Amino acid sequence: MQLARFPRYRLGHLPTPLEPMPRLTEVLRAKGSTVPHLWIKRDDCTGLATGGNKTRKLEYLLADALAQGADTLITQGATQSNHARQTAAAAARAGLGCELLLERRQVRDDDYEASGNVLLDTILGARIADRLPAGTDMAAAMESLADELRAKGKRPYVIPGGGSNPVGALGYVGCAQELATADVPIDWVVHATGSAGTQAGLLAGLLAMRSGIQVLGVSVRQPAAVQRPLVHDLAVRTAELIGAPGAVGLDDVQVDDGWTGPGYGVPTDEMVAALRLVAETEGILLDPVYSGKGFAGLLGAIEAGRFGADEHVVFVHTGGSAGLFGYRSTFAPR
């Protein structure tokens, strides 16, 4: 498995830090929980327009776009999409245009519609080409927009939501290498799973290396019965791309769907509590859509006794704190 053979446009501050969480551990142990050795992989510190996990994916996607002679990136996401913001930043770095399609998966307030990531999208020079209702076929909408741009003489490159295809997932094969070669003897990796690219890349990389590290994805948008096959399919295709066919089986894909709540991007009490706990003990800001629910899932797994006291568990912080400004009413002073 040699990532160096794939074109890559350097965007991130990599490798990202791997830090212990001593204050959080102390608080959890005081409550009587059996707490493993807790670590956090700071992929919120990738450095591209407030950072986040999509930066790793965009290094490979942007390189592919440039190799194809593209002059414009097109992508889609929910209104407060972290992926859209990082794609806008990547396009700015490479001198490309950026067209965004935002899906109104939920309707909140003016903060949600115009603040946070939406504000940053425009500051970074992207054009919000349209805001579409929930349930829109966003892949078809991107292809329609690409056709419009081609008719105007542009050369668009379409990036799927979350950057989640085998090329994008290469970014998390790279993260898997960082984890497998860390000084810490890691037993588990836990993270929020949505469009599947992060979990697929981690699984493909860790299994190809026969690391023995297990991966638990905490679903932020759909039931495990739907999410597991989605992750598995992408992980299989990613493993094939890196020369490790057959490395990933469906049984390797672990998804906890108990923390999604009413739906994608909809706040839950558990998310709010987890986000406040990490902020107040470690000074680290999670986000309300992904890492907040992901960490709620980690806390739930600890409470359920899923991990042994001697095990080392790493939470991958996928970034997104800019989205907090779109959820101001959720975090009003208590």
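The following legends describe close-up views of a predicted model. In this predicted model, local features need pLDDT of at least 70 and side-chain atom pairs count only at pLDDT 80 or more, while totals for chains, interfaces and linings use all residues. Residues are numbered from 1 along each chain as its sequence is written, and side-chain values use heavy atoms, with hydrogens and water left out.

View A. The unreviewed UniProt entry places the feature "modified residue: N6-(pyridoxal phosphate)lysine" at Lys54; UniProt positions follow the numbering used here, feature names are shortened, and annotations may be inferred rather than shown by experiment. Lys54 belongs to helix H2 (residues 54–67). Helices (H or I, at least four residues) and strands (E, at least two) are DSSP runs, numbered from the N terminus. With a relative accessible area of 7%, Lys54 is buried; buried means under 20% relative accessible area, exposed over 50%, and partly exposed in between (1.4 Å probe, protein chains only). Leaving aside residues up to four places away in sequence, Lys54 touches His83, Gln86, Gly162 and Ser195, where contact means heavy atoms within 4.5 Å.

**View B. The aromatic pair of Tyr112 and Tyr327.** Rings of Phe, Tyr and Trp (its six-membered ring) pair if their centres lie within 6.5 Å; planes under 30 degrees apart count as stacked, over 60 as edge-to-face and the rest as tilted. By this rule the count comes to 4 aromatic pairs. One of them joins Tyr112 and Tyr327 edge-to-face, at 5.6 Å centre to centre and with 90° between the planes. Tyr112 lies in helix H4 (residues 110–114) and Tyr327 in the segment after strand S10 (312–317), so the pair ties together parts that are 215 residues apart in sequence. Tyr112 is buried at 2% relative accessibility, and Tyr327 is buried at 1%.

**View C. The aromatic pair of Phe295 and Phe315.** The ring centres of Phe295 and Phe315 are 4.9 Å apart and the planes stand at 70°, so this pair is edge-to-face. Phe295 in helix H11 (residues 291–303) and Phe315 in strand S10 are 20 residues apart, and the pair links distant parts of the chain. Both Phe295 and Phe315 are buried.

**View D. Charges over tyrosine rings.** A charge sits over a ring if NZ of Lys or CZ of Arg is within 6 Å of the ring centre and within 35 degrees of the ring normal. The charged end of Arg56 sits over the ring of Tyr172, 5.5 Å from its centre. For Arg105, the charged end sits over the ring of Tyr264, 4.6 Å from its centre.
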